[in-house]
Amino acid sequence: MTYLESLNLGLRELLEELPQVVVFGEDLLDPYGGAFKVTRGLQRDFPKQVLTTPISEAALTGIANGMALRGLRPVLEIMFSDFLALCMDQILNHGAKFRTMYNNTVTVPVTIRTPVGGGRGYGPTHSQCIEKLFMGIPEIRIVAPSLFCDAGQVLRHAVLDDKFVLFLEHKLLYTLDLLSAATGLGVETVKDELGYPAALVRNYDSGYPDVTLITYGGMTRFVVSVLQRMAEEEIKVLACVPTLIKPLPFDLLRSAADRSGRVVVAEEGGLHWGWGAEIAARMQESLFGRLRAAVRRVGAVDIVIPAARTLERAVLPADTDIEKAILEVLK
Amino acid sequence: MVNANEDSALLCAWTKPDQSLASKGEIIAVIETSKATIDLEAEDTGYIHIFVHAGTQVMVGEIVGALCDKPDEVPERPLSKYGLQNDRSVERKVTKKAELAAAKAGLDMKRIQIEIPGAESITEADIIAYMEQHGAGQSIAEGGGCDLVDDSYPRNRQQRLLIIGGGLGAVQVLDSLCRIEHQRATAIVDDTPDLVGKTLMGVPILGGQEAIEVLFKKNLFDAAVVSVSTSIAFRQRMDNMLRQVNIPMANIIDPSARVQRNAVLGVGNVILAYCHIGACTSIGNGNFFSPYVDVEHHCSVGDFCTFGPGVMMSSLVKIGARVKFGTGIFIEPKLVVGSDSIIGSGAILTSDIPHNSIVKTKINYSIRSRD
Amino acid sequence: MLTDDLLWMFYHRMFQIRYVEESFLKLYDRGLIFGTVHTCIGQEVSAVAVTQALDAGKDIVWSNHRGHGHYLAFTGDLKGLVSELLGKASGVCAGIGGSQHLHSRNFYSNGILGGTIPCAVGCAYAEKYKGSGGIVAVYFGDGALAEGIVYESFNIASLWDLPILFVLEDNGIAQSTPKQYEHAGEFAARGESFGIQTTRMHASDVVAVYGASCSMVDEIRRVSRPQLLVLNTHRFAPHSKGDDTRDPKEILALRDHDPIGLHREQLRACDEERLDRLEREVVRQIDACVAVAIEDDSLKPDWFLANRDPR
């Protein structure tokens, strides 16, 4: 099953089971079925629950907030995650705050689903991974299903979560098959403290890994090839792939890091001020003296993502960058 | 030299290492054909430079090595006698793990390629085996110097010491260490080649002076101590060298020695049993105190002095640097002993000693046979 | 209900709002309010008339930073409001939200100008979706009409036939900026351009505004279509505290037409004694509430941090 099919199925099950689930966004009318076709068929089959909307990201986010306050479970699609900038006020100053401001007397179970990432040449304003801009907002959760989990089930968990959830779907993963196994690798699925799944992928059978690789979302498409390549070089790698990326399932990350003492964090967002920076800070807080090398981060060059293929490739991180970082921590 | 029926042979082994000196006629490699094993002799005197590593099937006429004028010369690899281009490079695949292990051990990859037999890719296990064979007397496990316990507790573990000098001074130091809880010796270095690979009271001798930095980089010790008491120049030289490469030095203080209030010590000092370092004294760096030396209150000692057993100071004595004391010496209060002096055994000092002096005591005794 | 009875009831509520707001200003001067207050002095008709046309059991009110009057008129929760502004554990949001961020039962407010409007539209959608029969009234000032999200919200509310009453309290000034520096075109036209039925009134006669509100609310409930009520009103006090840029003479002139003053005269003529009793009771009640709240020091930071899971 592909990532996209899994998401579609997950939404369908939610719409069937729960009348309070309302899915809305731009261009969802069937047969078009959404810009990336994630909701295809759903508007036709659930016309009361699946709405196509005007192009008003800001108001739509506010409307999701209002719906959630009155007992619905809105699932809002923002066509490209780059457009989340238009939603920022309603997320930051409304959705993320109502519960605490009003002293825990309300919940805001909104889910915003949005395609993220580059690699398709869509250019600077349609290729970004800007989730780091939202990571500092308390009370919201950020979820990014990988290839190693059932994306549709992760979406279900996010929609049923009573918190405001930002759900990130990487564009390049849509057409890829979900992975539960791969040649020469062991894949183990665990649940983190908040019930979201995480995958532990190993390219070795026994003993301790040399390096722990922590990554999420679109970058997980490199995990299999990197681990296989590293196995050829006798380098034992434990890849820890969470789906809930904010708040950090830190117990899980720490114990994975502790097994090797060498950590590489890979994200597609810009290298600086990102997810990796927070992980590195917490790693040195809790594992100082047990780490054998400084934590290395992999990320995009902090610059506009160009449209031309060769330029885009030079800016976005790839498997070679992960391998380089792994070798760096081993020195 | 190969028989007329064969167009290739197996280069089994090089019997002398790359870059070593071979005399004309000396056997430097062994070649095996289907019929026989043949010794390859050096055609001339020179330093061997290997092109093709052991274990390779070589074609007749292939140039397998060269003899050079200098050990580190890298000659151009010529075409074979019969015009065959040897593009069988010495480059076998080396796993990254193996590369890292080799780098950590300071091994040259080129040599590895040549000297490790086999045609398959070179793995980490190959490197470890190679190092055990050629390297230090102690097997360095993956990562070099990694300890399953110590590495995780850098602040709480015993201070691990390198003892410089594997002679009688080391025995004294190691003996004291038996009773010191917070320190232990993990390695010894000594320039006597025969000692390398042996152990002294269980502590391995891993090389000469040149090994010090390597061992430190392998995280085998936290600080160094010079155990040699016979040469002040050596003690000072070692101190300089260690400072230059930022290797810390430790003090060894036998538990039976007493270091009193407000005493100030430098680093690199060895203070053996029953010494008394009085209150408000100041000791510099790199001094060696045999047992029963009394540094009375308010005395000061400079750097790199050595004391035989039973040197007794009185209060307020100032001792300079690099002063060598024999045994059984007494010093009256408030005296100054200048740097770079030698004080002979049995002296009782009652006046200041200028720099660079030799003090010799005439002791009257006669020796006769017991019969 | 007879007009007279309505008037007494409405006057009670308006007077209560007026006295509470003036108390807040005095408490602020005494240093007992941490932060600031945006009082609605002069705009009480709007608060009372519209909320009284709603069903507090199923209808919803959204308000803004100048929401004390709306809160009191719709929920009647005097104690919760006073304690909240004084930063007490007994506050409606336990001191966490403060003046601009109130919630109780079906009342919500927030301090981002214009940001409440799409939330209100979302609530209207939910009530219609659930078939609850509830409608939403959202209050905002003329200043908010400069925020784009307001128009996105008008568009969707009209496009999706949502049961919502947009109440624009046009007091001619946004913080310190008079209307003519803030807006081009006509206010009413803004609603109409989205197909939203618009009514314009002066907010001077509380009974008249109430009557108009009732018919609008009934219509909204009946046909599920949004409406816009533009109320011309006046703010007698500063935007918050000490930031009134208007000519004092201008403000005095406004006070001459104070709706509370006008209604008071009407009622004094009717029954002076009853009026005095009413006013004294309101004053006593509010003063007592304030006194009790001031004494409460049970709010603890540990409690706040322990009871949240911001993950």
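Predicted model: local features only at pLDDT ≥ 70, side-chain atom pairs only at ≥ 80, totals over all residues.
**Stop 1: the chains together**

Show chains A, B and C. Two pairs of chains touch, and the pair with the most contacts is A and C. Chain B and chain C do not touch, and their nearest C-alpha atoms are 31 Å apart.

**Stop 2: where chain C meets chain A**

Select the contact between these two chains. Chain C contributes 30 residues to the contact, and chain A contributes 29 residues. On the side of chain C that touches chain A, the elements giving two or more residues are helix H5 (116–130) and helix H6 (148–159) of chain C. H5(C) provides the largest share, eleven residues. Coloured by class, this side of chain C shows 16 nonpolar, nine polar and five charged residues.

**Stop 3: helix H2 of chain C**

Stay with chain C and select residues 44–52, which form helix H2. Eight of its nine residues are buried, so the helix is largely enclosed by the rest of the structure. To see the buried residues of H2(C), pick C:Glu44, C:Val45, C:Ser46, C:Ala47, C:Val48, C:Ala49, C:Val50 and C:Thr51.

**Stop 4: where chain B meets chain A**

Move to the contact between chain B and chain A. Ten residues of chain B and nine residues of chain A take part in the contact. Select helix H1 (residues 96–104) of chain B next: with four residues, this helix gives the most to the side of chain B that touches chain A. By class, that side of chain B has three nonpolar, three polar and four charged residues.

**Stop 5: the sheet of chain B**

Hide the other chains and look for an open sheet of four strands in chain B. The strands follow the order S4-S3-S1-S6, and their pairing is antiparallel. At the edges stand strand S4 (37–41) and strand S6 (56–59) of chain B; each has a single partner strand, so one side of each is left without a neighbour in the sheet. From one strand to the next, the twist averages 40 degrees.

Now select strand S3 (residues 27–32) of chain B along with S4(B). These strands run antiparallel and are joined by five bridges. For one facing pair, pick B:Ile31, which stands opposite B:Ile38 in S4(B).

**Stop 6: the six-stranded sheet of chain A**

Bring chain A back and find its open sheet of six strands, in the order S7-S8-S10-S9-S12-S13 with mixed pairing. Strand S7 (186–191) and strand S13 (296–300) of chain A are the edge strands, each pairing on one side only. Neighbouring strands of this sheet are turned against each other by 20 degrees on average, direction ignored.

**Stop 7: strand S8 and its partners**

Zoom in on strand S8 (residues 197–202) of chain A, which is joined to S7(A) by six bridges in an antiparallel arrangement. Two facing pairs can be picked out here: A:Thr189 is opposite A:Ala199 in S8(A), and A:Val187 is opposite A:Val201 in S8(A). S7(A) and S8(A) form a hairpin with five residues between them. In the turn, select A:Gly195, which has a positive phi of about 85 degrees.

S8(A) also pairs with strand S10 (residues 237–242) of chain A, in the antiparallel sense and over five bridges. There, A:Leu200 stands opposite A:Cys240 in S10(A).

**Stop 8: helix H4 of chain A**

Select residues 84–95 of chain A, which make up helix H4. This helix has twelve residues, yet its end C-alpha atoms are only 14 Å apart, short of the 16 Å that a straight helix would reach at 1.5 Å a residue. Its buried residues are A:Leu84, A:Cys87, A:Gln90, A:Ile91, A:His94 and A:Gly95. Viewed down the axis of H4(A), these buried residues fall within an arc of 120 degrees, so they line one face of the helix.

**Stop 9: A:Thr310**

Finish with A:Thr310 in helix H11 (residues 309–315) of chain A. A:Thr310 is exposed, with 7 other C-beta atoms within 10 Å. Select A:Gly121 as well: A:Thr310 and A:Gly121 are 189 residues apart along the chain, and their C-alpha atoms are separated by 9.6 Å.

Conventions:
Residues numbered from 1 in each chain as written. Chains lettered and ligands numbered in written order. Contact = placed C-beta atoms within 7 Å. Nonpolar A, V, L, I, M, F, W, Y, C, P; charged D, E, K, R; others polar. Pairing = 2+ DSSP bridges. Axes fitted to C-alpha atoms, helices over the stretch in contact; angles between N-to-C directions. Buried ≥ 20, exposed ≤ 12 C-beta atoms within 10 Å, placed from the backbone. Expected span 1.5 Å × (residues − 1). Arc of directions from axis to C-beta.
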